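Let's take a friendly look at one helix and what surrounds it. Have the sequence and the 3D view open as you read on.

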Amino acid sequence: MRIAVSSTGLALTEAVKVEVRRRLLLAMSRFGQEVKGVTVRLAATDNPLGGIDQRCHVRARLRSG
């Protein structure tokens with residue numbers, strides 16, 4: 001399974017990449033060879049109340065369509 005991690009507005013350190021990959025492998029391991037690849041996009045978005053929110057978008061590509 002190929003895992004691609006990218007970010008917008010966040011510092012994407014190696015430690016963050018390792019943690020994202022570790023958690024994805026734990027969550028997706030039950031699907032075995034059905035998952036071809038996963039794309040993860042992390043982003044920092046502005047909160048209307050003045051804070052900063054974080055968003056995670058995950059897209060999985062399957063072998064069977």
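## The exposed side of H1

In this predicted model, one side of helix H1 carries the exposed residues Glu14, Ala15, Arg23 and Leu26. H1 itself runs over residues 14-28, 15 residues in total. From its first C-alpha to its last it reaches 21 Å, close to the 21 Å expected at 1.5 Å a residue.

## The buried side of H1

Which residues of H1 are buried? They are Val20, Leu24 and Met28. These three lie on the same side of H1 because they cover an arc of only 45° around the axis.

## Val5, a residue of E1

Strand E1 contains Val5. Is Val5 buried or exposed? With a relative accessibility of 14%, Val5 counts as buried, since the cut-off for buried is under 20%.

Leaving aside residues up to four places away in sequence, Val5 touches Leu12, Lys17, Val20 and Val40. One of these, Val20, is also among the buried residues of H1. As for Gly37, 32 residues from Val5 along the chain, the two C-alpha atoms are separated by 11 Å.

## Confidence

The protein chain has an average pLDDT of 89, and 98% of the residues score at least 70. Confidence is highest in H1, at 93, and lowest in E3, at a mean of 89.

Key: Residues numbered from 1 in each chain as written. Predicted model: local features only at pLDDT ≥ 70, side-chain atom pairs only at ≥ 80, totals over all residues. Heavy atoms only, no water. Helix = DSSP H or I, 4+ residues; strand = E, 2+ residues; numbered from the N terminus. Expected span 1.5 Å × (residues − 1). Buried < 20%, exposed > 50% of the residue type's maximum accessible area, 1.4 Å probe, protein only. Arc of directions from axis to C-beta. Contact = heavy atoms within 4.5 Å. pLDDT = per-residue confidence, 0-100.
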